[in-house]
Amino acid sequence: MRKSFIAFIVVVALLPILPTPEFWITLANYIGLYSIVALGLVLLTGVGGLTSFGQAAFVGLGAYATGYLTTQFGISPWIGMLTGIVITAAVAFLIGMLTMRLSGHYLPLGTIAWGLSLYYLFGNLDFLGRYDGLTGIPSINLFGYTLNTGREMYFLIWLVVLLAVIAIQNLLNSRPGRAIRALKGGGVMAEAMGVNTAWMKIVIFVMAAVLACVSGWLYAHLQRTVNPTPFGLNAGIEYLFMAVVGGAGYVWGAILGATLITLLKDQLQFILPKLLGANGNFEIIVFGVMLVLLLQNAREGLWAFVRKLLPQKPQAIAPDSAAPLPTRAKHARGETVLQVINARKQFGGLVAVNDLNFEVKAGEIIGLIGPNGAGKSTMFNLVTGVLPVTRGEIRFRSHGELKRIDNLSSREIVKLGIARTFQHVRLMSTMSVLENVAIGAHLRGAHNDVTGIATSIARLNRGEEQALLFEAKKQLERVGLGNMLYEEAGSLALGQQRILEIARALCCDPTLLLLDEPAAGLRYKEKQALAELLNKLRGEGMSVLIVEHDMDFVMNLTDRLVVMEFGTKIAEGLPLEVQQNEAVLEAYLGGVE
Ligand code: ADP
Ligand code: MG
């Protein structure tokens, strides 16, 4: 990738120096301006999975802020930019707070409403010149040079594009970046690893808005005039279209998309009216058809194809050594770690967990068994805060004290030292095995959720990155996946994906490990290796609660068993006792007789 990046910079730098016709420079300027907005959409939509039709409104905010301030008060465009960024960030933060917590279609709808209302606001405010807009916007002064011409502005525009590319790549390739990339998984996994998903969504929303604002600022000083037209909803849709066509999941997709759509639009605006013998924005129809075709045949966008032609190397590479991460003190053997007291979960009329009681002690492996639908996974979800209890209490030992955790969110529970795997694996299939596991170490980074983002963008996170990736590698080696660090997680066999989840959970540095059917899909040898690992963990003082259907595996491994049927505990005791229990035999064999 390095070489192609340098080649790209050389081409970009040569274009205005060579006797390139003015017309091409103009086009290249627009491509740059659109790319900056589309790059924001890569972060927001392609990576974060949040769709926004309202980016053009943020472009407008940036353009109008500087337009108004520089023409009315004669202040420097640079102050105009900073003011625009502050306003945009504040507005985006507010909109983000209001809409990000809502799921599904609320965000796109919210951004449409926002895009429309700002457009009409620009057009109706006297001090912004109504639909005529503002004129006489001054040029930008950079180190004593006044950027009067398009050719001069070109350098600044493409410098911003390059900086945005580098910033986004740096961010995505970091601890907060992995958390952002994990958002698409739906949030349950990310929260279970300690990621504040609501905050991460607001962060990417604000960042995308700020990029759009900077594009608007450049636009205003390139055109020297602003009016509402380029900031309407149709422009918002076009930006999204560029990102999707190019490949919203890749930074280079944004630039490719902006380039293709700009060139195509230019050609179509020229050809189509001639062809059809009438005036109109017919290119919109062509774009519409293209979008449908693309979504049907190439959802990843065109960059996905280009990418295959370029040499690939893994984004995150684990070091051979790094400073060890701080670890949690283990509980004293025999201490009660988890206490479940009359825990109940109802889904409407269905009682999935019926007033369940049991305990887990430090250094114990407890098996939770029972037929399908008995409520085992639901019990896991109650302990890890994925689902709230209907009633009852769950207590967990942290800092030497048993404390109630049934009122905590899963993000807070993992902080206390409970980590889990999922019965239906939840991993990011296009991320490497190493990066997936590093998500588990999210809470063990050196930076918080604000400084972490800033340091990642500026690449001042080396030490943190090395430590987290080394930890991920260590845990992967421990579970026997050390030779697959850089494979795509989605390419692993299902059994290996379950093992990957164990490594990810171990990265949380838990004192209690919850494993939901970890041996399903494993071969005999792999099951033996897993049993060995769990034995070793127990030896180190770890407590494990395990759901598993393979009875040989469970009987040989566990210290005690809790048996559930239809949400109710029907037996508890040593594996041998439980094996002979009438009720248990009935539950397992009852239907067969
Ligand atoms: P197990 O893991 O023991 O196979 P589960 O805990 O997955 O069982 O399910 C217990 C019961 O609760 C099942 O009848 C299941 O259909 C139901 N159930 C589980 N999760 C939900 C949910 N989110 N909403 C409604 N019903 C659920
Ligand atoms: Mg289950």
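1. In this predicted model, a backbone N or O atom of Ala 374 lies 3.1 Å from an oxygen atom of ligand 1. A backbone N or O atom of Gly 375 approaches an oxygen atom of ligand 1 to 2.9 Å. For Thr 378 the contact involves the side chain: one of its polar atoms is 2.5 Å from an oxygen atom of ligand 1.

2. On its own, ligand 1 has 560 Å² of accessible area, and the protein covers 60% of this. Two elements give two or more residues to the shell around the ligand, namely strand S6 (350–361) and helix H14 (376–383). Helix H14 supplies the largest share, with three residues.

3. The surroundings of ligand 1 comprise Phe 347, Leu 350, Ala 352, Pro 371, Asn 372, Gly 373, Ala 374, Gly 375, Lys 376, Ser 377, Thr 378 and Gln 423. By class, the shell around ligand 1 consists of six polar residues, five nonpolar residues and one charged residue. Both Ala 374 and Gly 375, whose backbone contacts are described in the opening point, belong to this shell.

4. The remaining points concern helix packing. Two packed helices are described by the angle between their axes together with the distance between those axes. For helix H2 (residues 22–47) and helix H6 (residues 150–172), the axes come within 9 Å and cross at roughly 20°. Angles under 35 degrees count as roughly parallel, and H2 and H6 are therefore roughly parallel to each other.

5. The crossing of H2 and H6 is left-handed. The residues in the contact of H2 with H6 divide into 19 nonpolar, four polar and two charged.

6. Helix H6 also packs with helix H1 (residues 2–14): the axes of H1 and H6 come within 11 Å and cross at roughly 165°. Since angles over 145 degrees count as roughly antiparallel, H1 and H6 are therefore roughly antiparallel to each other. The crossing of H1 and H6 is right-handed, whereas that of H2 and H6 is left-handed.

Note on methods: Residues numbered from 1 in each chain as written. Chains lettered and ligands numbered in written order. Predicted model: local features only at pLDDT ≥ 70, side-chain atom pairs only at ≥ 80, totals over all residues. Heavy atoms only, no water. Near = heavy atom within 4 Å. Polar contact = N/O pair within 3.5 Å; in protein donor to acceptor, adjacent residues only side chain to side chain. Areas by Shrake-Rupley, 256 points an atom, 1.4 Å probe, with all protein chains shown as cover. Helix = DSSP H or I, 4+ residues; strand = E, 2+ residues; numbered from the N terminus. Nonpolar A, V, L, I, M, F, W, Y, C, P; charged D, E, K, R; others polar. Axes fitted to C-alpha atoms, helices over the stretch in contact; angles between N-to-C directions. Parallel < 35°, antiparallel > 145°, perpendicular 65-115°, else oblique. Left-handed = near helix turned anticlockwise from the far one by under 90°.
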